[in-house]
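Let's take a guided walk through one protein model, a few parts at a time. Keep the picture open beside you as you read.

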Amino acid sequence: MAETLVLKHRPEDFRVRENLVVALTDETVADQRYVLLHKRGYTTMEAIRLLADRLGVSSRDVGYAGLKDEDGVTEQLLSVPLTALSGDGLPAFAEAAGSGRLLRLSHYGYGREPLAVGKLNGNGFRIVLRDLDGRTAERLVTRRRTNLLFVNYYDTQRFGVPGGPKRTHLVGAAVLAGEWARARAELAGLGAPESGPAARWTGPDEEFFRKLDPRTVAFYLAAHSSFAWNARIAGLIRSEDARDVSVDGLPYRFPVTGPGVAALLADRHELPYTRYSYEDGPVEHPVMRPTVVQTLVTVGDHGADDAFPGRQAVEVSFQLPAGCYATTALRQLIAQR
């Protein structure tokens with residue numbers, strides 16, 4: 001792509017907060033306590049494991065509705081059984097000097113239902129786009145509000161951790177095939193939080209995955225499904241002005257005009273997608289997923305980029321439904337004419 005774009009140069013450049021409505025009750029009739037998790041430098045699953053260890057419960061007892069990036073500043077709700085977290089106090093996590101990592105909890109309320117994946121309404125984003133040329137920045141600033149149609153790809157964070165190989169889909173493929181040794185070997189090389197234990201494991205390979213939080217295994221299965229989805233949707237984009245691009249070594253095909261995206265929407269407005277859970281083995285949950293998503297992107301602060309001399313930085317904000325990726329939306333925002 002001719003245009004340049006740098007995302008997540010600093011964690012504060014990428015801010016996310018969940019849109020999640022929960023039914024609150026009085027503490028006297030509640031089974032769950034809801035807490036707001038503010039984090040930086042941790043995956044959601046890492047944060048859950050740390051909280052569970054601190055409370056002396058299984059990580060399966062800590063509920064969440066969606067995963068949040070580790071290379072940003074994010075806020076999301078967690079649920080914890082009231083028997084494990086009652087009273088006014090909340091666990092405090094010390095920030096290691098110079099690490100840039102942060103976990104902080106605040107009280108949100110009480111309820112009767114644990115949070116679960118699939119219940120999330122969406123996410124709100126406030127993001128700084130960096131290393132823009134003057135023409136691109138001016139285009140965004142002049143319009144102020146852009147009605148963006150974009151192809152609903154899974155982005156690269158679905159397939160690996162920042163700076164690591166993007167191969168989580170290969171872990172999922174091996175689990176689905178019952179090739180447990182290959183699955184563990186792939187996982188050991190990812191650089192993910194589970195990679196160290198996977199590399200040190202000496203027991204039966206299948207047993208390693210059975211001991212993981214089943215939501216973690218389901219994530220790897222979903223990565224396999226997501227990779228197949230991306231390939232299928234890219235194959236449906238036939239507009240002559242589409243661009244084939246590589247992001248972190250993964251292939252994408254982006255239409256560069258709104259009509260090009262609209263043509264995909266008119267051809268196939270949704271496609272089948274397989275979600276997974278893991279309960280002593282993979283469990284399929286077939287759903288339909290939209291091929292194209294629409295959002296209104298609003299421009300905020302803008303000006304000279306203090307991180308890339310001679311370039312421009314623009315701050316944007318928008319909302320997305322659950323399961324959509326802000327990073328792929330923004331790449332297409334910059335790519336489209």
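This is a predicted model: local features need pLDDT of at least 70, side-chain atom pairs count only at pLDDT 80 or more; totals for chains, interfaces and linings use all residues.

Strand β8 covers residues 243-247, and it pairs with β9 in the antiparallel sense over five bridges. Strands pair when DSSP finds at least two bridges between them. Strand β9 (residues 250-254) is mostly covered, with four of its five residues buried. Here buried means under 20% relative accessible area, exposed means over 50%, and partly exposed is in between (1.4 Å probe, protein chains only).

## Strands around β13

Now find strand β13 (residues 312-321), which runs antiparallel to β6 and is joined to it by nine bridges. In this pairing, Gly124 stands opposite Gln319 of β13. Strand β12 (residues 292-304) also runs antiparallel to β13, with five bridges joining them. There, His302 stands opposite Val314 in β13.

Next, look at helix α3 (residues 168-177) and helix α7 (residues 214-235): their axes come within 7 Å and cross at roughly 105 degrees. That makes α3 roughly perpendicular to α7. Angles of 65 to 115 degrees count as roughly perpendicular, under 35 as roughly parallel, over 145 as roughly antiparallel, and the rest as oblique. The axes are lines fitted to C-alpha atoms, for helices over the stretch in contact, and the angles run from 0 to 180 degrees between N-to-C directions.

Which kinds of residue make up the contact of α3 with α7, by class? The contact has ten nonpolar, four polar and no charged residues. Nonpolar covers Ala, Val, Leu, Ile, Met, Phe, Trp, Tyr, Cys and Pro; charged covers Asp, Glu, Lys and Arg; the others, Gly among them, are polar. On the α3 side, the residues include Val171, Val175 and Leu176, and on the α7 side they include Phe219, Leu221 and Phe227. Contact here means heavy atoms within 4.5 Å.

A search of the whole structure finds 13 aromatic pairs. Rings of Phe, Tyr and Trp (its six-membered ring) pair if their centres lie within 6.5 Å, and planes under 30 degrees apart are stacked, over 60 edge-to-face, and the rest tilted. One of these pairs is Phe14 with Phe125, which is edge-to-face at 6.1 Å centre to centre, with 65 degrees between the planes. Phe14 lies in strand β1 (residues 14-19) and Phe125 in strand β6 (residues 122-132), so the pair ties together parts 111 residues apart in sequence. Phe14 is buried at 2% relative accessible area, and Phe125 is buried at 8%.

Phe208 and Phe209 form an edge-to-face pair too, at 5.4 Å centre to centre and 90 degrees between the planes. Both Phe208 and Phe209 are buried. Elsewhere, Tyr154, Trp229, Tyr273 and Tyr325 form one aromatic cluster.

Most residues other than glycine have a negative phi. Lys8 is not a glycine, yet it has a positive phi of about 60 degrees. Lys8 lies in the segment before β1 and counts as buried at 17% relative accessibility. Asp131, also not a glycine, has a positive phi of about 60 degrees; Asp131 lies in strand β6 and is buried at 16%.

## A covered helix and a loop residue

Is helix α9 (residues 326-335) enclosed or open? Ten of its ten residues are buried, so α9 is largely enclosed by the rest of the structure. Among them are Arg331, Leu333 and Ile334.

Finally, Arg112 lies in the loop between β5 (102-111) and β6 and counts as partly exposed at 49% relative accessibility. Arg112 and Arg33 are 79 residues apart in sequence and 8.5 Å apart in space, C-alpha to C-alpha. Not counting residues up to four places away in sequence, Arg112 touches Thr25, Val29, Asp31, Gln32 and Tyr34.

Definitions and conventions:
Residues are numbered from 1 along each chain as its sequence is written. Side-chain values use heavy atoms; hydrogens and water are left out. Helices (H or I, at least four residues) and strands (E, at least two) are DSSP runs, numbered from the N terminus.
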